[in-house]
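Subject: Handover of a structure and notes on its contents

Dear colleague,

Please find below the structure that I am handing over to you.

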Amino acid sequence: MVKENITVFIIEDDFLVATAIEYAVLSAQRKVTIHKFTSVERALGSNFLQPNIILTDHYLDRINGVDSLPVVTKVFPEALIAVVSSQK
């Protein structure tokens with residue numbers, strides 16, 4: 001039995017992709033709270049939430065997932081971060 005609630009940030013500018021990722025995460029046998037953001041900047045503005053996991057798109061408008069890693073890891077030092085993309 002899992003007692004800890006896991007907080008997941010999904011940073012994705014495509015609503016359908018973000019929703020698909022959300023459903024995949026929610027299908028796990030865990031207590032999960034998901035927060036979706038359309039940009040890295042918006043996620044950084046929610047630093048009081050302190051996510052356990054961050055799933056970010058590589059191709060975002062202002063700053064991509066890889067370029068955002070230094071600041072994201074500074075603001076969320078305990079979070080596991082995965083940069084994903086549906087692009088080739």
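The notes below describe what was found, one topic at a time.

Please bear in mind throughout that this is a predicted model.

Helix 1

Helix 1 is made of 12 residues, and from its first C-alpha to its last it reaches 16 Å, close to the 16 Å expected at 1.5 Å a residue. Which residues of this helix are buried? They are Ala 18, Thr 19, Ile 21, Glu 22 and Val 25. These residues lie on the same side of helix 1, because they cover an arc of only 160° around the axis.

The salt bridge

How many salt bridges does a search of the whole structure find? The search finds one. Its partners are Lys 36 and Glu 22, with the closest N and O atoms 2.8 Å apart. Lys 36 belongs to strand 2 (residues 32-37) and Glu 22 to helix 1 (residues 15-26), so the bridge ties together parts that are 14 residues apart in sequence. The two partners can also be described by their accessibility. Glu 22 has a relative accessible area of 18% and is therefore buried, as the cut-off for this class is under 20%. Lys 36, at 36%, is partly exposed.

In soluble globular proteins, nonpolar side chains tend to be buried together. In this model, the largest nonpolar core has 10 residues, including Phe 9, Ile 11, Phe 37, Val 40, Ile 54 and Ala 79. Strand 1 (6-11) and helix 2 (40-44) are the elements that give two or more residues to this core. Another core, of nine residues, lies apart from it, and among its members are Ile 6, Val 8, Ala 18 and Ile 34. Returning to the largest core, one of its residues is Ala 79; not counting residues up to four places away in sequence, Ala 79 touches Pro 51, Asn 52 and Ile 54.

The aromatic rings

Two aromatic pairs are found in the whole structure. In one of them, the ring centres of Phe 9 and Phe 76 are 5.4 Å apart and the planes stand at 80°, so this pair is edge-to-face. The pair links distant parts of the chain, since Phe 9 is in strand 1 and Phe 76 is in the loop between helix 3 and strand 4 (80-84), 67 residues apart. Are these two residues buried or exposed? Phe 9 is buried, with a relative accessible area of 0%, and Phe 76 is buried as well, with 1%. Ring pairs join Phe 9, Phe 37 and Phe 76 into a cluster.

Two further residues

Thr 7 is found in strand 1 and counts as buried at 13% relative accessibility. Beyond its neighbours within four places in sequence, Thr 7 is in contact with several residues, including Thr 33, His 35, Leu 49 and Ile 53.

Leu 69 is placed in helix 3 (residues 69-75) and is partly exposed at 28% relative accessibility. Leaving aside neighbours within four places in sequence, Leu 69 contacts Ile 81 and Val 83. The C-alpha atoms of Leu 69 and Val 83 are separated by 9.0 Å, and these residues are 14 residues apart along the chain.

With kind regards

Terms used: Residues are numbered from 1 along each chain as its sequence is written. This is a predicted model: local features need pLDDT of at least 70, side-chain atom pairs count only at pLDDT 80 or more; totals for chains, interfaces and linings use all residues. Side-chain values use heavy atoms; hydrogens and water are left out. Helices (H or I, at least four residues) and strands (E, at least two) are DSSP runs, numbered from the N terminus. Buried means under 20% relative accessible area, exposed over 50%, partly exposed in between (1.4 Å probe, protein chains only). Contact means heavy atoms within 4.5 Å. A nonpolar core is a set of buried Ala, Val, Leu, Ile, Met, Phe, Trp, Tyr and Cys residues joined through side-chain atoms within 4.5 Å. Rings of Phe, Tyr and Trp (its six-membered ring) pair if their centres lie within 6.5 Å; planes under 30 degrees apart count as stacked, over 60 as edge-to-face and the rest as tilted. A salt bridge is a side-chain nitrogen of Lys or Arg within 4 Å of a carboxyl oxygen of Asp or Glu. The expected span of a helix is 1.5 Å times one less than its number of residues. The arc is that of the directions from the helix axis to the C-beta atoms.
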